[in-house]
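Here is a friendly walk through one protein model, meant for someone just starting out. Have a look at the sequence and the picture, then read on.

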Amino acid sequence: MFYRQQGKYKVLCECKEVLKPELVPPEVWPGDGSKPWSIIVVGESPPTPVDKFREKLEGFMRAEGKSMGDLQGLYPAPDAPTDPGDPLLRALDKILNKARPSSEQTNYHRLRQFSGNVTVSPGEEPFETWMEQAKFMVKESDCSLKEKRRRLVESLRGPALEIVKAARVSDPDVSPDKCLEALEQVFGMVESGEDLYFAFRLMQQHAKERLSDFLRRLERALDKVVQRGGLQPGGADKARLEQLLRGAVASDLMLVNLRLRERRAAPPTFLQLLKEVRSEEEYEASRTKLNPSVRTVQAQSDYECKRAEIQNLRAEIKEIKEMCVAMANMPSPQTENRERQVPNSPVLSPETRRCQL
């Protein structure tokens, strides 16, 4: 048959045997040397990836005792679908989205366990440490309130879990903040804000404690004071600096080098103050490492001086002992006079003494 639009002949050839398309040549050259003739094999089209996926999905649904109608009934298609395959693809996409874990459940660090028992078991956290981590998670996480509550519950054991369960019985939609408040009322400190502030004002630096460690200890105590209402957040920087100057009894020289007393009117923040203290500590440590020979020579000279003084004292004590022994062995002058007078004096008889009288 001749097609005028294309200017070509098309010939339909039939074969009684079954042909394999991969064995048929794509072109045939005529004997007159003209252009080659293209051969197109007409038959069943090879299965597409969509058809293969459909077959696998239908086999899976049959194995589960379901049909494609049940799947489309769970996820009905919109009123005006644009493509026959859209309902199936949309239903499959919803199934995959439900099966795929959400970012809220994967991209977070689990809280350590807390049970509320008196003895802290291995793998658990004390209440104060756990509470700080839990508050940070509730405040900074972008997930939903339900997900935050789930994270709190999965980290609780024993009495602590019973407290949260009791709070959820009274209010099934209790917020994470209310859960933390209930836990703090049961397991937290009973001191008031005023008591904590008074204890904060009595804190002092321990022996051999670095100034930076003392500052961090002050910050933990000050944070509890602010949470309990013992001090307004705006006065935290001033209170921190004043207590650091008052309680750092072993770091007077470092406080002078930092010039903190002159900065009471404009006290630095905790991070800025900690950075300055750490820098000064590193400078002191580096200066100590650079002068080891000076310290050794000075220590040796002091030891030699003290040793010479001790030897001199021992020699003087020895001389004094010898003098005391010599003086103890020497006879007294009165004894010598008596010994000299006794041999020269004549011995008188009793009759002579009576005559003399």
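## Around leucine 211

Setting aside its neighbours within four places in sequence, leucine 211 is in contact with Gln205, Leu244, Ala248, Ser251, Met254, Leu255, Val277 and Glu281. Contact here means heavy atoms within 4.5 Å. Leu211 also belongs to the largest nonpolar core, which has 24 residues; Phe200, Leu211, Leu215, Leu244 and Leu260 touch the most other members. A nonpolar core is a set of buried Ala, Val, Leu, Ile, Met, Phe, Trp, Tyr and Cys residues joined through side-chain atoms within 4.5 Å. Buried means under 20% relative accessible area, exposed means over 50%, and partly exposed lies in between (1.4 Å probe, protein chains only).

Which elements give two or more residues to this core? They are α9, α10, α11, α12 and α13, and α10 gives the largest share, six residues. Apart from this core lies another, of 17 residues, with Phe114, Met137, Leu161 and Cys179 among them.

## What kind of model this is

This is a predicted model: local features need pLDDT of at least 70, side-chain atom pairs count only at pLDDT 80 or more, and totals for chains, interfaces and linings use all residues. Residues are numbered from 1 along each chain as its sequence is written, and side-chain values use heavy atoms, with hydrogens and water left out.

The protein chain holds 16 helices and four strands. Helices (H or I, at least four residues) and strands (E, at least two) are DSSP runs, numbered from the N terminus. Of the 357 residues in the protein chain, 23% are buried. Among contacts in the chain with a separation of 6 or more, 53% are between residues 24 or more positions apart.

## Helix α11

Helix α11 covers residues 236-247, and its twelve residues should span 16 Å at 1.5 Å a residue; the end C-alpha atoms are 16 Å apart, which agrees. The expected span is 1.5 Å times one less than the number of residues in the helix.

Which residues of α11 are buried? They are Ala236, Ala239, Arg240, Leu241, Gln243, Leu244, Leu245 and Gly247. What covers them includes α9 (193-201), α10 (211-227), α12 (252-258) and α13 (270-290).

Helix α7 (residues 158-170) has 13 residues and reaches 19 Å from its first C-alpha to its last, close to the expected 18 Å. Its buried residues are Ala160, Leu161, Val164 and Ala167. Seen down the helix axis, these buried residues fall within an arc of 120 degrees, so they line one face of α7. The arc is that of the directions from the helix axis to the C-beta atoms. An α-helix has 3.6 residues a turn, so residues three or four places apart point the same way.

The buried residues of α7 pack against α6 (145-154) and α8 (176-187). On the face turned away from the buried side are the exposed residues Glu162, Lys165, Val169 and Ser170.

## Aromatic rings

A search of the whole structure finds five aromatic pairs. Rings of Phe, Tyr and Trp (its six-membered ring) pair if their centres lie within 6.5 Å; planes under 30 degrees apart count as stacked, over 60 as edge-to-face and the rest as tilted. The rings of Phe114 and Phe127 have centres 5.3 Å apart and planes at 50 degrees, so this pair is tilted. Phe114 lies in the loop between α4 (103-106) and α5 (127-140), and Phe127 in helix α5, so the pair ties together parts 13 residues apart in sequence.

Phe114 and Phe187 form an edge-to-face pair, 5.5 Å centre to centre with 90 degrees between the planes. Because Phe187 lies in helix α8, this pair ties together parts 73 residues apart in sequence. Ring pairs link Phe114, Phe127, Trp130 and Phe187 into a cluster. At 5% relative accessibility, Phe114 counts as buried.

## Two loop residues with positive phi

Most residues other than glycine have a negative phi. Lysine 208 has a positive phi of about 65 degrees although it is not a glycine. Lysine 208 sits in the loop between α9 and α10 and is exposed, with a relative accessible area of 88%.

Arginine 259 also has a positive phi, near 55 degrees. Its place is the loop between α12 and α13, and at 55% relative accessibility arginine 259 counts as exposed.
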